[in-house]
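Let's take a walk through this structure together. Keep the sequence and the 3D view open while you read.

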Amino acid sequence: MNEKIQTSKIYFDSVIVGLTLILAVGFIISFMLGKYPIAPAELFSILASNVLPIDQTWTDQQAVILYHVRMPRIILSVLVGCCLSAAGAAYQGIFRNPLVSSDIVGASSGAAFGAALAILMAIGNLGISILAFVFSIGAVMAVGFLSKKVKTNPVLGLVLAGIMVGSLFNSATSFLKLVADPNEQLPAITYWLMGSFSGAKLEDIRLAIIPMAAGLIPLFLLRWKINILTMGDDEARTMGVDTKKTRAIIIVAATLVTAASIAVSGMIGWIGLVIPHLSRMLVGSDYRRLMPVSMLMGASFLLIVDNVSRLTTTSEIPIGILTSFIGAPFFFYLISREGEKF
Amino acid sequence: MSLKIENLSYAYGDHMVLDKVNFTISPGGLTCILGANGVGKSTLFRCILRLNDNYTGHSYLNGFDSRELSIQELAKQIAYIPQSHAPAFNYKVIEIVLMSTTAQIGNFKGPGEKEKKVAMEALERVGMADFAEQGYTQISGGERQLVLIARALAQQTKLIIMDEPTSNLDYGNQIRVLSLVKQLTREGYTIIQSTHHPDQAFMYADEVVVLEKGNIVHHGSPKEIISEPMIRKIYNINVEINSLYDDLVRVTVPIDELTNR
């Protein structure tokens, strides 16, 4: 792509407008799609009836489906897509490594273990969120600490530490499945680990929205600082950035949104790796542009993939499986095409 | 900007690297720091920049103890130019230069039009304005070093510290970079650089600081400080110093090599 075009303000504004339009259109269309179709006129009547006195032309069943089945699911997939992509972009910058995502730095497997533990202990949805976050941040800190032991090749060190900590937590999760009650808890843990929005409830949104907002806002506001942190601690400090504090805030924020996402949707892989790369191809490496583009693109991507997941088959495919099926080959395509940039 | 180093000591664990180092650099001019590998040139820089924060002694900038300054305030006083390297992501040249304006802007802000103007002026000053929209990883090593100098200029400090700025450059780029550095000192910048070449110091330096093992510091003009016995003491090499063009410049020749030919 022509580099001059990539940094021009008009180009960036058009990308943002385009992605927002895709998201808005996708958002509205998603309400109409499903086993019980809702026509556009009915959709707008149902929504408008909240504020306007309109005669009921729809069935009660349609309203229930709209508010209690589709709405939570659509909102949640948008939020989770936004969060996982933003977190992936942030981790890549903080760890100065384009191959990083919440899966690699241990955030996902830590959160998965925490959530599985919470299901096992039957301590409710809030418990799932809290334990997911606690173990997620623990895993990230362990990976950060261990990766420093490989002094010669930091990129390799991080990936190796991530694989190690990840497999440790995955085994621990397997152990939990082993001791779980095979009739109730085991299917719940297993299905949840596959990642799905099929059971999304309004309550899930209420539970996730606060930690998500608390994480997304600093990631957005500090996005310029992430650029400087990618130059390494020494250089960043001499340019006036309090590296310890800034890095800590960004890691906690990224882990918070990852854990909040995983707590409500289960394991949804690859999106945090693929979306920031796609965004980078579109608008370059500067996080001032990369962060908002990743957020918007991730939201649209997961919304669309979730629609595919719930529409294509009668017994729907968990979305975590779909994102891997799409993400892994796509990522291979990316590195083989853009190989020299890594 | 004057820099006064007073009784500065630093140890890595039990290993004392700097032991009560003292010298003062007056404003304006290019100071070259010479010394053998491992004698503590980089450590000295790291202390002045407070990257090694737990030193003892003092480093005064215009009379103010730099320890009293916040990281952000210090960045408004000293800019640092590392050896050129490839960053993890392919930023545009202009984005690299803009990074140094961070100390001047708010915590949750990015650079605006004013900073962009400062960055473009800095790129023009080093003759790299045409490269502004190019990828930093796609330009040559010499061009990268110039971009890093532009970045230091955009930081709007009066003191600039350079860590062996010519070490990765070809001969032509070495001369071009040093010539630019020298011009900048004439415009009022105080620049301190480490170097391994006595000849560079003879050609460009206004002052030299020689760090000798045992933390003895020699400080003065190149002609006063760099002598045949001094080179032998620091690098363990026998040289002959030749004066050229009515002593306009001096060059060192490793004389033992001549007998080996």
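## A serine tucked inside chain A

Leaving aside its neighbours within four places in sequence, S261(A) is in contact (heavy atoms within 4.5 Å) with V80(A), C83(A), L84(A), M212(A) and G266(A). You'll find S261(A) in helix 12 of chain A, residues 243–265. Helices here are DSSP runs of H or I with at least four residues, strands are E runs of at least two, and both are numbered from the N terminus. S261(A) has a relative accessible area of 0%, so it counts as buried. The cut-offs, with a 1.4 Å probe and protein chains only, are under 20% for buried, over 50% for exposed, and partly exposed in between.

Before we go on, a word on the ground rules: this is a predicted model, where local features need pLDDT of at least 70 and side-chain atom pairs count only at pLDDT 80 or more, while totals for chains, interfaces and linings use all residues. Residues are numbered from 1 along each chain as its sequence is written, chains are lettered from A and ligands numbered from 1 in the order in which they are written, and side-chain values use heavy atoms, leaving out hydrogens and water.

C83(A) is buried, at 0% relative accessibility. Over in chain B, C32(B) is buried too, with a relative accessible area of 1%.

## A four-strand sheet in chain B

Chain B has an open sheet of 4 strands in the order 2-1-4-5, with antiparallel pairing. Two strands pair if DSSP finds at least two bridges between them. Strand 2 (15–25) and strand 5 (64–65) are at the edges with a single partner strand each, so one side of each has no neighbour in the sheet. Helix 1 (residues 41–48) of chain B packs on this sheet, touching strand 1, strand 2 and strand 4, and its direction makes about 115° with that of strand 1. Such angles run from 0 to 180 degrees between N-to-C directions, using axes fitted to C-alpha atoms (for helices, over the stretch in contact).

Strand 1 (residues 3–12) and strand 4 (residues 56–61) of chain B share 5 bridges. Among the partners, S9(B) goes with T56(B) and I5(B) with S59(B). Strand 4 and strand 5 of chain B are joined by 2 bridges, and Y60(B) stands opposite D65(B). Their hairpin has 2 residues between the strands, and N62(B) takes a positive phi near 50° there.

## A six-strand sheet in chain B

Another open sheet in chain B has 6 strands, in the order 6-7-8-3-9-10, with mixed pairing. Its edge strands are strand 6 (78–81) and strand 10 (216–220). From one strand to the next, the twist averages 15°. Helix 6 (residues 171–186) of chain B lies across strand 3, strand 7 and strand 8, at about 150° to strand 8.

## Where the chains meet

The contact takes 38 residues from chain B and 31 residues from chain A. About 3000 Å² is buried between them, 59% of it from carbon and sulfur atoms; this is the accessible area (1.4 Å probe) that the two parts lose on being put together, summed over both.

The two chains also share 4 salt bridges, each a side-chain nitrogen of Lys or Arg within 4 Å of a carboxyl oxygen of Asp or Glu. One of them links E235(A) with R151(B), the closest N and O atoms being 2.7 Å apart.
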